[in-house]
Structures are given as C-alpha cells and as structure tokens.
Amino acid sequence: MRVLVAGATGVIGHPLVGALRARGHEVTALVRTAARASAVDADAVVVADALDREALSAAVSAARPEVVVHQMSALRLLGDDPAGAFALTARLRTEGTAHLAAAARAAGARRLVAQSIAFATAPAAVLVLDEDARLYVDAPDPGWAATVRAVADLERQVTATDGGLVLRYGTLYGRGTAYARTGSTAQRVLAGRLPLPGDGPGITSFLHVADAVGATVAAVESTTTGVLNITDDDPAPAALWLPHYAHVLGAPPPRRIPASLAPRLLGWYPTHQLTTAHGASNTRARTELGWKPGRPSWREGLGRE
Ligand SMILES: NC(=O)c1ccc[n+]([C@@H]2O[C@H](COP(=O)([O-])OP(=O)(O)OC[C@H]3O[C@@H](n4cnc5c(N)ncnc54)[C@H](OP(=O)(O)O)[C@@H]3O)[C@@H](O)[C@H]2O)c1
C-alpha cells in the first residue's frame, strides 16, 4: 500500500517508516522542513508544515497515499519550553488534524490513523478503563484540561473521517522517550526529584515504543475504525512501578511524601499520574485489531534502555 507518515522523524514515526517498508508498503515521509529530509529512510519524502494548510495539501496529494498516518506532536520541546510544547501540540491536534484529514480526503486516501493518548481519561469508579470512559476535559488544571480538549477534538475529527482510527498509546517507554535512561523522567528519578506521594495509588498503563510501532502497522493494514487503547497488559500503581524503575536506573529509592504536598512539589500532572490517574484496557485492540503487545509488562524493560 502507499502510506504517508506525518511526523516521520519522531520517536514513533521514524521506526514506523522502517517497519512499514519491511512489510512491503511504499512509504512517503512527511517532514516539517527540508533540512529534516535526510533524517528519514523512506521511499519518498515530501516537505510541509502541518499548520500550513495549502503546503500540506500539496505535499499529501503529491504522495497519492491510500493510508495517512498522523504521528505529529511538539512534545520533544517539553524540556526547553513546556508551555510552548503543549500549546503547539494542541494546535497540531486541532488545526494540524483538520488540515491532514482534508488533505487525505482530497488526495483520495481511504484511511486515516492518528496518534492519541490513553491517559486522558477522568478518574472513575473502575481503576482500568476502556475506550468509552469520559475524557478529563474538565480537569482542575487549566493546562491539562486544554491538552485533553485538544485530544478530544483530534479524536472527534478522526472518527468522523471515513476509515478513521484513533490509537490511544499508553505512556511510552523505550528509546527516545522521557522514560529512556537519558530521558527527562529518568533524569528526575536519578536526581531523587520524583518522590512517591502517599501510597502512590495512581495507575499508569505503559507501552514500549516497539509495540506502538507494531500496533500502528496492524492499524494501517486493518479496516477497523473508531478508538482503540494501545497499552501493555500490566496497568500498575506508582507504588509498584516507580520504585522498580528507580532500582533499574540505579537511582535512590523514591522518597515518600505526604500526598497533600505533592501538587506544590511536583506540579499538577505528575501528582495526578502518581495519585489519581487510571489505567487503560487493551481488550478492544486485541479483539478488533488482532494485536497484542510483544512486551506485555513494563517490568521487563522500563529503565533498561
Ligand atoms: N505520545 C505520548 O504518549 C507522549 C506524551 C508525553 C510525552 N511524550 C514524550 O514525547 C516524546 C515524543 O513523542 P512523539 O512521538 O509524540 O513525538 P516526537 O518524537 O517529537 O515526534 C513528533 C513528530 O512530529 C513532527 N512535527 C512537529 N511539528 C510539526 C509540524 N508543524 N508539521 C509537521 N510535522 C511536525 C516532528 O518533526 P520534527 O522532527 O521536524 O520536529 C516529529 O516528526 C517522547 O519523549 C515521549 O516520551 C509522549
């Protein structure tokens, strides 16, 4: 199949191009600037900023894709400019998705597969949630609420598109991610700056980058539409994964702090992740996509690369 990957230089996009080609697909990489063209090993490269509607439309139509994959975010800028990274990522989820969906339609593509996140759900009675759970669009933190509203907007647009499929990836670990040994979360743990608030009951569903890539290849090759959680089989409370992660990294065991101090010491999102977040079930992806994670548990690999 002819596949266009937008975000082809990214943590998922880059290995995805190789994985799709290995399956015999003809892959065009969409890169933001000509300077990034040499960073990808694709059958063809087109250049456009996704926020430039006309340039994107011309680039996508030149590729004549049957399937378009959206892997764009600006989260790589998180370390230098968190507010800017979230604002730009929100624009890529809203405007960027609108531009890409329109360009895909105009080019005659029959399928749009887009990256979303499995940790945008609101707290609920069950600890591990499926795709019907409510998104936390009214989170008490204005920044997170804005992020989740942009996620909801992306999901609305993609599911309204013929052949649209949203992949809600779990918290990514592995090469290039924040949880890699050189990543920002690892650095925080190594410096003893990620303590465990209270009993650490917040649940995280992790996903190795290789499984994000594998699920996306399966999505490209399937006809399934809608929204699917792509997570490992082992949703875990912070009380379990954070000490394990610190140990594997060779960091000191995380200090315990009273939960009431966490928002001031850690900020809103880390506090939410460690105390109130819920996990995500991959049951639907198993049945509707025929996919299962090659790394069923974070216990095998988190912090090892
Ligand atoms: N996805 C998640 O679950 C999540 C959540 C929180 C944090 N993170 C962290 O974020 C990092 C990256 O994850 P990711 O795969 O989402 O992102 P990424 O590796 O930063 O990849 C994003 C892709 O989007 C492209 N892009 C950015 N702006 C664009 C624009 N205006 N037009 C066209 N393309 C554009 C980038 O191109 P350039 O190379 O040219 O910039 C890049 O190819 C990891 O460290 C991960 O741990 C991820």
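Predicted model: local features only at pLDDT ≥ 70, side-chain atom pairs only at ≥ 80, totals over all residues.
**View 1. Leu78 sits in the loop between β4 and α3.** Strand β4 covers residues 67–70, and helix α3 covers residues 82–106. The relative accessible area of Leu78 is 33%. Because buried means under 20% and exposed means over 50%, Leu78 is classed as partly exposed. Apart from neighbours within four places in sequence, Leu78 is in contact with Ala85 and Phe86. From Leu78 to Pro15 the C-alpha atoms are 21 Å apart, and the two residues are 63 residues apart in sequence.

**View 2. Ala74 also lies in the loop between β4 and α3.** With a relative accessible area of 8%, Ala74 is buried. Leaving out residues up to four places away in sequence, Ala74 touches Ala85, Leu88, Thr89 and Leu92. Ala74 and Arg91 are 17 residues apart in sequence, and their C-alpha atoms are 9.4 Å apart in space.

**View 3. Helices α2 and α3 pack against each other.** Two packed helices are described by the angle between their axes and the distance between the axes. For α2 (residues 53–63) and α3 (residues 82–106), the angle is about 35° and the axes are 9 Å apart. The crossing of α2 past α3 is right-handed. On the α2 side, the contact is made by Arg53, Leu56, Ser57 and Val60. On the α3 side, the residues are His99, Leu100, Ala102, Ala103 and Ala104. Sorted by class, the contact has six nonpolar residues, two polar and one charged.

**View 4. Arg64 lies in the loop between α2 and β4.** The phi angle of Arg64 is near 45°. This is a positive value in a residue other than glycine.

**View 5. Ser116 is a residue of strand β5.** The strand runs over residues 111–117. Ser116 has 1% relative accessibility and so counts as buried. Setting aside residues up to four places away in sequence, Ser116 touches Val151, Leu154, Glu155, Val166, Leu167, Arg168 and Tyr169.

**View 6. Leu165 belongs to strand β7.** Strand β7 spans residues 164–169. At 0% relative accessibility, Leu165 counts as buried. Leu165 and Ala219 are 54 residues apart along the chain, and their C-alpha atoms are separated by 7.7 Å.

**View 7. Val137 is found in the loop between β6 and α4.** Strand β6 covers residues 128–129, and helix α4 covers residues 142–159. Val137 counts as partly exposed because its relative accessibility is 32%. Beyond the neighbours within four places in sequence, Val137 is in contact with Ala145, Val148, Arg149 and Ala152. A separation of 36 Å lies between the C-alpha atoms of Val137 and Pro252, which are 115 residues apart along the chain.

**View 8. The largest cavity holds about 70 Å³ of space.** Rolling a probe the size of a water molecule over the atoms shows where empty space is left. The structure has three cavities of 30 Å³ or more. Lining the largest cavity are Ala118, Phe119, Gly170, Thr171, Ile203 and Thr204, together with Ser205, Tyr269, Gln273, Ala277, His278 and Ala280. The elements giving two or more residues to this lining are β10 (203–204) and α9 (268–275). By class, the lining of the largest cavity has six nonpolar residues, six polar and no charged.

Technical notes. Residues numbered from 1 in each chain as written. Heavy atoms only, no water. Helix = DSSP H or I, 4+ residues; strand = E, 2+ residues; numbered from the N terminus. Buried < 20%, exposed > 50% of the residue type's maximum accessible area, 1.4 Å probe, protein only. Contact = heavy atoms within 4.5 Å. Axes fitted to C-alpha atoms, helices over the stretch in contact; angles between N-to-C directions. Left-handed = near helix turned anticlockwise from the far one by under 90°. Nonpolar A, V, L, I, M, F, W, Y, C, P; charged D, E, K, R; others polar. 1 Å grid on protein atoms, 1.4 Å probe; cavity = no way out; pocket = protein on both sides within 12 Å on 5 of 7 lines; lining within 4 Å. Points joined across faces, edges and corners; volume = space filled by probe spheres on them.
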